[in-house]
Amino acid sequence: MSTIVTNAPFIGVAALACVGLYIMLAQRNLIKIVMGITIFESAVNLFLVSLGYRNEGIAPIFTNATGTHMVLPVPQALTLTSIVIGVATTALMLTFIVLIYRHTGETDAKKSRRVKG
Amino acid sequence: MTRKVVIGLTMVIVGMMLFAVALMMRPFGEPVSVMDDYIIENTQQVTGANNAVSAVVFDWRGYDTLGEATVLFTAVTAVVMLLRKRKDEAPE
Amino acid sequence: MMSKVVRTITRLMTPAILVFGLYVIMHGHVTSGGGFQGGAVFASAAALLLVAFGSDRIKDHMRIPDLTVISASGALVFIGAGFAGIATTFFYNLFVGSAIFGHVPEFGPAHEDIWTGGVIPIMNIGVALNVVAGLTAVMVVMAITSSKTGDGE
């Protein structure tokens, strides 16, 4: 029982990942599939940040600090890179949806499978 | 009908695996930190910055930032190129 | 084009958002922040202008060729700051201890000093220019595509 209370951020990551995976598998509208991908990326970023926490630690900044027992800085830097790459991928996916709608006239994932002309 | 069965089975298996791993991980708050102890000790002498996260992003791991700036630049170029005005539209 | 209340509040809030974004960019090596975070705050002012005034009035002031020049020059500043120390290795921090941005603090809690950091403030400015111009260009292009007189249906 105490493991559930101690490891609560990791259980939150598992729940978010399950929600994102279900949306990606079961929806038919293209924009809702993109939303599912974004939720899954948020789960991965939360996992990266919560790997680097130390008990009773302060932010890893030396300006006006109150000690030197700090949280790990490397997972925060990797999460920054991951968020920016997620933004770039989402922008490109939405552009493809605009082009598919212009070409075939509908936003259903099953009906716009044939590639004509 | 069979699509719903396959989706349900996948979600049950993957969900059980994820929750089992979440309960078996290291306790939250006690990470392995050999590299980060070295970085916190030596940041102010080697890079001269007071912010450890900025020093890690731009100095200790500068190649990752170079790759990320390249990905962002390429994605913006691709979006601007794909959404141009078509030449055979009605004249405005 | 939204109502008069929205347009007036936007005219009052945009300088405050731009100054806050510039503060987050310039103090990246002293407190939290840096190039990517400050660039996103700066580009959110452009998003506010696009929503409040409509893309017909805004697209004459933020032209795509000018934004491309700003984005490319920001990436060039970042790469140039990496090549400056090529005598030792790529990305060598060669301004530590010298005249430009060269104070070296000792280990432990320190006072606020903006003249620390070496090459890091220059890299912050380069990355911020790249991010601001990139996000603004994506938003302007998408707004033009989905308006009634653009290419939208």
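Colleague: At what angle do helix H2 and helix H5 of chain C pack?

Modeller: In this predicted model, H2 (residues 35-53) and H5 (residues 120-145) of chain C pack at an angle of about 30°, and their axes are 8 Å apart. Angles under 35 degrees count as roughly parallel, so H2(C) is roughly parallel to H5(C).

Colleague: Is the crossing of H2(C) and H5(C) left-handed or right-handed?

Modeller: The crossing of these two helices is right-handed.

Colleague: Which residues meet there?

Modeller: On the H2(C) side they include C:Gly35, C:Phe36, C:Gly38 and C:Gly39. Among their partners in H5(C) are C:Met123, C:Asn124 and C:Val127. By class, the contact between H2(C) and H5(C) has 15 nonpolar, 5 polar and no charged residues.

Colleague: Turning to the largest nonpolar core, which residues touch the most other members?

Modeller: That core has 58 residues, and B:Val56, C:Val132, C:Ala137 and C:Val138 touch the most other members.

Colleague: Which helix supplies the largest share of this core?

Modeller: H5(C) does, with 15 residues.

Colleague: What is C:Ala137 in contact with, leaving aside its neighbours within four places in sequence?

Modeller: With that exclusion, C:Ala137 contacts B:Val76 and B:Val80 in chain B, together with C:Ile64 and C:Leu67 in chain C. There is also a second, separate core of 7 residues, which includes A:Phe10, A:Leu16, A:Leu21 and B:Ala22.

Colleague: And how many residues of chain A are in contact with chain C?

Modeller: There are 10 residues of chain A in contact with 10 residues of chain C. On the chain A side, these divide into 7 nonpolar, 3 polar and no charged residues.

Definitions and conventions:
Residues are numbered from 1 along each chain as its sequence is written. Chains are lettered from A and ligands numbered from 1 in the order in which they are written. This is a predicted model: local features need pLDDT of at least 70, side-chain atom pairs count only at pLDDT 80 or more; totals for chains, interfaces and linings use all residues. Axes are lines fitted to C-alpha atoms, for helices over the stretch in contact, and angles run from 0 to 180 degrees between N-to-C directions. Helices (H or I, at least four residues) and strands (E, at least two) are DSSP runs, numbered from the N terminus. Angles under 35 degrees count as roughly parallel, over 145 as roughly antiparallel, 65 to 115 as roughly perpendicular and the rest as oblique. A crossing is left-handed if the near helix is turned anticlockwise from the far one by less than a right angle, and right-handed if clockwise. Two residues are in contact if their C-beta atoms, placed from the backbone, lie within 7 Å. Ala, Val, Leu, Ile, Met, Phe, Trp, Tyr, Cys and Pro count as nonpolar, Asp, Glu, Lys and Arg as charged, and the others, Gly among them, as polar. A nonpolar core is a set of buried Ala, Val, Leu, Ile, Met, Phe, Trp, Tyr and Cys residues joined through C-beta atoms within 7 Å. A residue is buried if 20 or more other C-beta atoms lie within 10 Å of its own, exposed if 12 or fewer, and partly exposed in between; C-beta atoms are placed from the backbone.
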